[in-house]
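Subject: The structure for you to look at

Hi,

Here is the structure I promised to pass on. Have a look at it first, and then read my notes below.

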Amino acid sequence: MRNPEIQSSLAELWQAQAMAEIIIKADVEDLDPVVIQTAVRAINKMLLNIVTTLEEEL
């Protein structure tokens with residue numbers, strides 16, 4: 001069994017991937033740049049948290 005911290009990080013990684021996929025498929029010309037920037041910052045924060053957790057657990 002995987003450690004719960006690792007399982008949580010992997011779930012968050014899939015969430016970050018899904019968020020990025022939505023941005024990639026979006027018609028960015030119709031979006032406010034602030035919305036895109038906010039989404040990218042959220043993905044970045046998630047990835048940093050995931051990497052930190054995985055470094056501690058592995």
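Let's start with Ser9: at 3% relative accessibility, Ser9 counts as buried, because the cut-off for that label is under 20%. Keep in mind that this is a predicted model.

Where does Ser9 sit? Ser9 belongs to helix α1, which covers residues 4–25. Leaving out residues up to four places away in sequence, Ser9 touches Ile50, Thr53 and Leu54. Take Ile50 as an example: Ser9 and Ile50 are 41 residues apart along the chain, yet 5.2 Å separates their C-alpha atoms.

Now for the other helix. Helix α2 takes in residues 33–57, so to speak a run of 25 residues. From its first C-alpha to its last, α2 reaches 36 Å, which is close to the 36 Å expected at 1.5 Å a residue. Which residues of α2 are buried? Ile43, Met46 and Ile50 are buried in α2. The buried residues of α2 pack against α1.

How do the two helices lie relative to each other? The axes of α1 and α2 come within 9 Å, and they cross at roughly 155 degrees. Angles over 145 degrees count as roughly antiparallel, so that is the label for α1 and α2. Their crossing is left-handed.

If you want to find the contact on your screen, here are the residues that make it:

- From α1: Glu5, Ile6, Ser9, Glu12, Leu13, Gln15, Ala16, Met19, Ala20 and Ile23.
- From α2: Ala39, Val40, Ala42, Ile43, Met46, Leu47, Ile50, Thr53, Leu54 and Glu57.

Sorted by class, the contact of α1 with α2 has 14 nonpolar, three polar and three charged residues.

Is Val51 buried, partly exposed or exposed? Val51 has a relative accessible area of 45%, so Val51 counts as partly exposed, the label for values between 20% and 50%. Val51 and Leu13 are 38 residues apart in sequence, and in space 9.4 Å lies between them, C-alpha to C-alpha.

Cheers

Definitions and conventions: Residues numbered from 1 in each chain as written. Predicted model: local features only at pLDDT ≥ 70, side-chain atom pairs only at ≥ 80, totals over all residues. Heavy atoms only, no water. Helix = DSSP H or I, 4+ residues; strand = E, 2+ residues; numbered from the N terminus. Buried < 20%, exposed > 50% of the residue type's maximum accessible area, 1.4 Å probe, protein only. Contact = heavy atoms within 4.5 Å. Expected span 1.5 Å × (residues − 1). Axes fitted to C-alpha atoms, helices over the stretch in contact; angles between N-to-C directions. Parallel < 35°, antiparallel > 145°, perpendicular 65-115°, else oblique. Left-handed = near helix turned anticlockwise from the far one by under 90°. Nonpolar A, V, L, I, M, F, W, Y, C, P; charged D, E, K, R; others polar.
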